[in-house]
Amino acid sequence: MASIAVQKKEVTRDLDHCDIPYYVSEFVEREVGNDYDSLRKLPSLIEKLSEDKKQLEEQVLTVSSEVPKRIQNALKNAEDSKKSLSQLLERETVLSGSISSHLLKAQPCMEDLNVLIGEVEEIERHLAYLKWISRIEELSDSIQQYLMTNNVPEAASSLALMAELDIKLQESSCSHLLAFVRSTVKFWHKILKDKLTSDFEEVLTQLRWPFVGPPQSQAFGLAAPANAPDVYNNLEMLFCQLLKLQTSDELLTKPKQLPEKYPLPPSPPIVLPIQIMLNPLQKRFKYHFTGNKQTNVLSKPEWYLTQVLMWIGNHSKFLDDKIQPILDKAGSSVNAGLEFSRALVMLILEKLAADIPCLLYDDTLFCHLVDEVLLFERELYSVHGYLSSFPSCMHILSEESCFQRWLTVEKKFALQKMDSMLSSEAAWISQYKDITDVDEMKVPDCAETFMTLLLVITDRYKNLPTASRKLQFLGLQKELVDDFRIRLTQVMKEETRASLGFRYCAILNAVNYIATVLADWADNVFFLQLQQAELEVRAESDTVSQLQLGQLASMESSVFDDMINLLERLKHDMLTRQVDHVFREVKDAAKLYKKERWLSLPSQAEQAVMSLSSTACPMLQTLRDRLLQLEQQLCHSLFKIFWQILAEKVDQYIYQEIIMANHFNEGGAAQLQFDMSRNLFPLFSHYCKRPENYFKHIKEACIILNLNIGSALLLKDVLQSASENEPLKPSQPSATAALNELGVYKLAQRDVEILLNLRASWPNTGK
C-alpha cells in the first residue's frame, strides 16, 4: 500500500445544480480520509448505504402511488358538490314558483283579512278610549260622592289619581280625550282647592298668621292656648290634603316666570299649602312696594329687602316646629323654611327685574342698589341657610346689560377710591407705625387700602352663579392692580433722585406688600377654582400655548402670575437703585482707604493696641448710617435682600479695588484683617449670626495675607507644583485640600497665587 501514490484532486462544488460528485467526495473524505485502515469499514458502509437506498425507493413508490388517489378523490368530491348544487337550484326554482302562485291565490284573502284586522284594531282603540273615559268618570263620580259625604281627604286622593292619568295621557294624540281629562281635573281641582283654601286660611287666621312681629311678640303662633291641639290638628289635616292637590295644581297653574334674559336655574313650583300661607305676605309686599306708594322708592331698596328678611326671621321658628314635621310625616323632601324663603326671594327678583332698568344709568342709585342686594344676599345665606342652587339676586345682577353696568360702576368707583387714597396726606404712612409687632411689613396706608378694596370686590362677586362672570370680575381686579402699579411707578420716578427717602421706601414697601398678598391669594380655594375655570375657557378658545395650559393645569402658575411678575420686576429695579446709590456713597467714602500705605504700616508687635484705620472711618460710617436708615424704612424682607446685595458688592469692591490693587507687608495685612473682622463684619452682625460668610473674598484674602512665613512657603510650593502638574509627594496634600485646610473655599487657585505674590516680605530661600 505504501508504494501506491494516491493523488487527491480537489472537487469543486457547483452551486447552481445538485452536485452529486461533490457530496460523494465529501462523504468519502469524512468516512475514510487519509487513514487506509478505514477501508476495512467499506463493506459495512456499502451495506448501510444500500439499506438507505432501499428505504428511499420504497418512500418514492408509496408517494407516487398515493398522490394520484388523492387527486382523484378531490375531483370526485367536486363533481358530487356540483351535482348537489344543481339539484338545490332546481328545487329553489320549483319552490319559488309555488310560493308566487300561492301568494297570488291568497291575495284576496289577505286583503279581506287586513280589513278585518283594521276593524278589530279600531274597535280596540274605541274600547280603550271608552275605558279611559269610564275610568275618568268613575273617579269623577267618586270625588262627587266623597264630597257629598264630606270625605275631603278621599276626594283629594281621587283627584291626585286623576291628575296622574292626565300626565300619562300627555303623549296621546287624542285631543278630545285630553281636553276632557283636563277639564274634569280643572273642575274638581277648583272646587277642592277653594274649599280647602278657605278652611286652611281660617285655621291660619286662628293662629294669627302671618306674624308681623318677632316670635316673642306673636299673639298665638307658637303659644299654647286651650284650643291649640284642635287648631294644630286641623292645620295638619288641611296641609296634608292640600299637598295631595299639588300634582293637579302644577298641571293647571302656569308658574310666573321672569323674562328669559335672566339666567335663573330651574326650580320646582312652591308647594300649594305654603303658597296659600304666603298669599297675605305677597299682598302686603305688592301693596307697599309697587305702584305709587310712598314706600316704593327707587333710592330705598333696603326697605323691601329688610322687610323680606324680617318676614323670613319672624316665621322661621313656626315653620321649623310646626310645618316641617307635617311635611316629614307626609313623606315630602321639602324643607319648609327654605321653601318659604324661596317664595319670598322670588318677590325680590321680580321687584329687581322691574326696578333695575329704571336706575341702570344713575351711578349713585345703581351702586346703592348693588350694595344693598349684596348685604341682603350675605344675610340670606349666612343667617337663614339659603341654598346656592336656588334662584337668587345674583342671577338678576348677572343679566348682560346689568352685569356690564355693574362692572363699569365698580371700576369707576374703584379708580376714584385709588385717586383719593394716593392723594391723601397719610398715603405713605403706615397706620401701625407705632406698633412694632403689627408693623413688620411697614405697609403704607394707600397699599393697605388698595388691597382692602380688592378684597371687598372679591367678596362682592364671589357668589356670582357662573364662572364666566367671576372671571370677568377677576379681569377687572387685574386691571386695577396694573393701574395701581403704573401709578406707583409714576410716583417712584418723581422720587428717583431721593432713592433713600421716606416716600421712595414707602413705595417699595407697597409694591412688596401687594406682590406678597397676591401670591397668598393664589393659593386660596376660590382663586384656584377660578384658575381651573380659566384653564377650561382657554383650552376651548386655543388662545394659549400647550406649555401655558400645562403650567395652569399643574398649578405651577396662578391667575395673578402676570401681575406678580411685573411687581417683582419693579421691586427688583427699585432695590437695585437703592443699593447702587448706597454703594456709590461707600466708594466715595473709601477713596482714602484705597490709598492707604499698606506696604509700610507697622507690624502688630510694634503697636501697643490695634486700632481702626482712620481712612476706613468714612466708609464704615456711611455704611452704618445707611443700614440704620433703611432698616427703619424698609420692611424686614426687603431690608434683608438690600443688605445682602450690598454686602456682596462691598465684598467684591474691597477685594478687587483695595486688596488686589496693593502690596502688603506684615503690618498692612494685620491692619486690613483688623479693619475687616473687627469693624466691617460687625456692622452686619445685627442682621445675621455669621456676617463674615457674606464677605468670603475679603475673609479668605485676609487668611492668605496673614499666614505665617512657613505656612505661606508650603502653600506656595503646593500651588506651584499643582500649576506645573508635578506629581505629589507621598505626604504632600493636593492644592484644594491645602486651601480647604486653611479655610479657603471661595477663592480660585490662581487668585491665591496672586495674593501670595502681594505679600511684601519673603525670606531668601535661594530659589
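My entries on these follow.

I am working from a predicted model, where local features need pLDDT of at least 70, side-chain atom pairs count only at pLDDT 80 or more, and totals for chains, interfaces and linings use all residues. Residues are numbered from 1 along each chain as its sequence is written, and side-chain values use heavy atoms, with hydrogens and water left out.

Entry 1, the helix pair. I looked up H4 (residues 175-206) against H7 (residues 272-289) and found them packed at about 55°, axes 10 Å apart. From H4, the contact (heavy atoms within 4.5 Å) takes in Lys-193, Thr-197, Phe-200, Glu-201 and Leu-204. H7 brings Leu-272, Pro-273, Ile-276, Met-277 and Asn-279. I sorted the residues of this H4 and H7 contact into 6 nonpolar, 2 polar and 2 charged (Ala, Val, Leu, Ile, Met, Phe, Trp, Tyr, Cys and Pro are nonpolar; Asp, Glu, Lys and Arg are charged; the others, Gly among them, are polar).

Lys-186 sits in H4, and I have Lys-186 down as exposed at 54% relative accessible area (exposed is over 50%, buried under 20%, partly exposed in between, with a 1.4 Å probe and protein chains only). Its C-alpha atom is 32 Å from that of His-315, 129 residues apart along the chain.

In H26 (residues 749-757) I noted Val-752, Glu-753, Leu-755 and Leu-756 as buried. They span an arc of only 160° around the axis, so they are on the same side of H26. Their cover includes helices H21, H23, H24 and H25.

How values were computed:
Axes are lines fitted to C-alpha atoms, for helices over the stretch in contact, and angles run from 0 to 180 degrees between N-to-C directions. Helices (H or I, at least four residues) and strands (E, at least two) are DSSP runs, numbered from the N terminus. The arc is that of the directions from the helix axis to the C-beta atoms.
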